[in-house]
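Here are my notes on the two-chain model you sent over.

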Amino acid sequence: MNVNWYLMVSALVFAIGAAGVLTRRNPLVVLLCLELMLNAANIALIAFARMWGNAEGQIFAIIVMVVAACEVCIGLGLVVAIFRRRLPIDVDEIRELHG
Amino acid sequence: MSEVLFFIAGIGAVCGAVGVVMVRNPFYAVLALVFHLLSLAALFLLLQAQFVAAAQVVVYAGAVMVLYVFVVAYVGAAEPPRLRAPVGRGQRAAALLFALALFVELAIAVLGSSLKALDSGGPTVEANFGSPAQIGDLLLTKFLLPFEVASFLLLIAAVGAVVLARRRGGIGEEVEPVAAADYALPPGVGTMREGVGGPSSREPFELGVGGGEPTREGGEGGW
């Protein structure tokens, strides 16, 4: 398969994830859509690594996975903290994150 | 063969992504994302990234998604009715328009680039391309510093999650003191200890439920 096809899948998934971030209001689903966008970047990185025959892109993808895991960790911690304080779980309602 | 596998996995990945965005229930959205991640792992295998594919399945589709499922179960999957108020129609249309524009732009950027190698399947690579041996070799020699920084990042994230999610008394949030007697069951309620002829559950060393001192989990609620 040509590398082009993989990049098209990557672009499609990235656009879908961006649409999800813009339309959904539940922070859990917003985090899931961020995962989609990070994974789209991962496909592109690995496709380019295959294109050059160089495994360094795969290292980059692994680091992206680590960062995504950290982001999930912090994001879910925030969701749990919001839930504990009985604040609305809605990204429109919690624009002010202080306190 | 690889074409067929590519289209199956690619369509699966895109359908999973659409499912994440469209499904109302966050629990099903997580399941759709698991499907998406498994399809992506198949794509990674087609690109000869065996180690990344395995890490994707084990770490992402396994561990991270389990964390999601835990939090969804804790917070409650059903959205309160107030949240069902539709996002403004104009906002949704604008978001779709923006996403479409983003896709077109990315497609132009990819297809219009002068990289000739994009139209090929890439060079033939040796058999150990993307194997754990090669990845480990690169991670511990050339990319040692990013590797260590990533491990520190994980440590900081773990500490941060604990700090964020811990129970604390905020303003206007009185934590009611919990007496030890609240945990003790009345005698004769059929605990396992009584069943074998032991003393009743007023004893401080009851199995499980009747601990003498209030533990932290006691006041949580919701679990």
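1. Buried here means 20 or more other C-beta atoms within 10 Å of the residue's own; exposed is 12 or fewer, partly exposed is in between, and C-beta atoms are placed from the backbone. Among chain B contacts between residues at least 6 apart in sequence, 51% join residues at least 24 apart. A contact is two C-beta atoms, placed from the backbone, within 7 Å.

2. Bookkeeping: this is a predicted model, in which local features need pLDDT of at least 70 and side-chain atom pairs count only at pLDDT 80 or more, while totals for chains, interfaces and linings use all residues. Residues are numbered from 1 along each chain as its sequence is written, with chains lettered from A and ligands numbered from 1 in the order in which they are written.

3. On confidence, the predictor gives the complex an ipTM of 0.91 and a pTM of 0.77. Chain B averages a pLDDT (the predictor's confidence in each residue, from 0 to 100) of 78, and 70% of the residues score at least 70. In that chain, helix 2 (residues 26-46) is highest at 93, and helix 7 (residues 192-195) is lowest at a mean of 62. Watch residues 210-223 of chain B: pLDDT stays under 50 there, and the model has 17 contacts beyond four places in sequence for them.

4. What does each chain bring to the contact? Chain A puts in 62 residues and chain B 73. On the chain A side, helix 1 (3-23), helix 2 (27-52) and helix 3 (56-84) each supply at least two residues, and helix 3 gives the most, with 22. That side divides into 45 nonpolar, 10 polar and 7 charged residues. For the classes, Ala, Val, Leu, Ile, Met, Phe, Trp, Tyr, Cys and Pro are nonpolar, Asp, Glu, Lys and Arg are charged, and the others, Gly among them, are polar.

5. The largest nonpolar core has 75 residues, and L32(A), I46(A) and A47(A) have the most contacts inside it. Such a core is a set of buried Ala, Val, Leu, Ile, Met, Phe, Trp, Tyr and Cys residues joined through C-beta atoms within 7 Å. Helix 2 of chain A gives the most to this core, with 15 residues. Leaving out residues up to four places away in sequence, L32(A) touches V20(B), A29(B), V30(B) and L33(B).

6. Is A55(B) buried or exposed? It is buried, because 21 other C-beta atoms lie within 10 Å. A55(B) sits in helix 3 (residues 50-75) of chain B and, neighbours within four places in sequence aside, is in contact with I62(A) and M65(A).

7. One backbone spot to check is Q48(B), a residue other than glycine with a positive phi near 60 degrees. Most residues other than glycine have a negative phi. Q48(B) lies in the loop between helix 2 and helix 3 of chain B, and counts as buried because it has 22 C-beta neighbours inside 10 Å.

Notes:
Helices (H or I, at least four residues) and strands (E, at least two) are DSSP runs, numbered from the N terminus.
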